[in-house]
Amino acid sequence: YLAPPTRDPLPQFSGKTIVFFTYDIRSTHARKNPEAVIRAFRTAAGNNPSSVLVIKINNSQTWPDSEARLKKCAEGLTNVYFMHEKLSSEDMRNLIARVDIILSLHRAEGFGMLLAEGMAAAKPVIATGWSANTEYMTPESGILIDYKLVPIVDDQHGYDGLGGVWAEPDVDQAASELRRLIGDPAERTRLGLAARRQIMAYLSDENWLKTIPEGLWNYVAEPYKPRR
């Protein structure tokens, strides 16, 4: 993930600071909370021509309301760019290698693949400080945004009847942290390297093996048992 991109997927933004977020609409728009990303960017950067927000939307055809809501939220901003292309794994690595800051103001995460991949690529990550990403993100390796828990409301009805809660992140705090990172390339580098060290340690073979129940090894033939 530290390799430079083999091609620039965003040549039109050469020389600009790129803030990046991506989500799949099948994971539900409300849970991924992309409007909060736009609101934070608007406050942090406005129409500053040296910065751009790139949002990659996957499977937008499954719920067209999603993109319509984003475009309405981004009205007046000339530096917000929506991507829809299906990318290979290599192209996605190129994209993450190209951007400068990862921003996710999710209301809940099952793991947070974008956040982990961004950290592995030594990108600074700003994310809601709640749910699965807090298992590997720390205050020393990323920027965790405060939140309050609120009842789940999902217009795609993916969580109907569950009666649960999820996080509502502090967009003003996110905007303040984003403004700071946009204006401080040295801090982006420092935080990105700390993020990479953290995620590589978290996902190391040694740590992964610790999660395997001891009894499982009774069913693994001796030659195939890894050293632990």
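Colleague: At what angle do helix α6 and helix α7 pack?
Modeller: Happy to start there, with a note that this is a predicted model: local features need pLDDT of at least 70, side-chain atom pairs count only at pLDDT 80 or more, and totals for chains, interfaces and linings use all residues. Residues are numbered from 1 along each chain as its sequence is written, and side-chain values use heavy atoms, with hydrogens and water left out. Helices (H or I, at least four residues) and strands (E, at least two) are DSSP runs numbered from the N terminus, while axes are lines fitted to C-alpha atoms, for helices over the stretch in contact, with angles from 0 to 180 degrees between N-to-C directions. α6 covers residues 171-182 and α7 residues 185-202; their axes lie 6 Å apart, and the packing angle is about 105°.

Colleague: Are α6 and α7 roughly parallel or roughly perpendicular?
Modeller: Angles under 35 degrees count as roughly parallel, over 145 as roughly antiparallel, 65 to 115 as roughly perpendicular and the rest as oblique. With about 105° between α6 and α7, the two helices are therefore roughly perpendicular.

Colleague: Which residues in α7 do Arg180, Leu181 and Ile182 meet?
Modeller: Contact means heavy atoms within 4.5 Å. By that test, the three α6 residues meet Pro185, Glu187, Arg188 and Leu191.

Colleague: In what order do the six strands form the open sheet?
Modeller: Strands pair if DSSP finds at least two bridges between them, and the pairing here is parallel. β3 (80-83) and β6 (143-145) are the edge strands, each pairing on one side only. From one strand to the next the twist averages 20°. The order is β3-β2-β1-β4-β5-β6.

Colleague: In β6, what is the bridge partner of Ala127?
Modeller: Strand β5, residues 125-128, runs parallel to β6, and three bridges join them. For Ala127, the partner in β6 is Leu144.

Colleague: What angle does the direction of helix α2 make with that of β2?
Modeller: Helix α2 (residues 34-45) packs on the sheet, where it touches β1 (17-24), β2 (51-58), β3 and β4 (101-104). Its direction and that of β2 make an angle of about 175°.

Colleague: In the largest nonpolar core, which residues touch the most other members?
Modeller: A nonpolar core is a set of buried Ala, Val, Leu, Ile, Met, Phe, Trp, Tyr and Cys residues joined through side-chain atoms within 4.5 Å; buried means under 20% relative accessible area, exposed over 50% and partly exposed in between (1.4 Å probe, protein chains only). This core has 58 residues, and α2 supplies its largest share, seven residues. Those touching the most other members are Ile38, Ile55 and Leu178.

Colleague: Why is helix α5 largely enclosed by the rest of the structure?
Modeller: The buried residues of α5 (residues 113-120) pack against β1, α4 (89-98), β4, β5 and α7. The helix is largely enclosed because, of its eight residues, the number buried is seven.

Colleague: Are the rings of Phe21 and Tyr23 stacked or edge-to-face?
Modeller: Rings of Phe, Tyr and Trp (its six-membered ring) pair if their centres lie within 6.5 Å; planes under 30 degrees apart count as stacked, over 60 as edge-to-face and the rest as tilted. Phe21 is buried at 1%, and Tyr23 is buried at 2%. Their ring centres are 5.7 Å apart and the planes stand at 15°, so the pair is stacked.

Colleague: And what is the pair of Tyr159 and Trp166?
Modeller: Tyr159 is partly exposed at 24%, whereas Trp166 is buried at 3%. With centres 5.6 Å apart and planes at 70°, the pair is edge-to-face.
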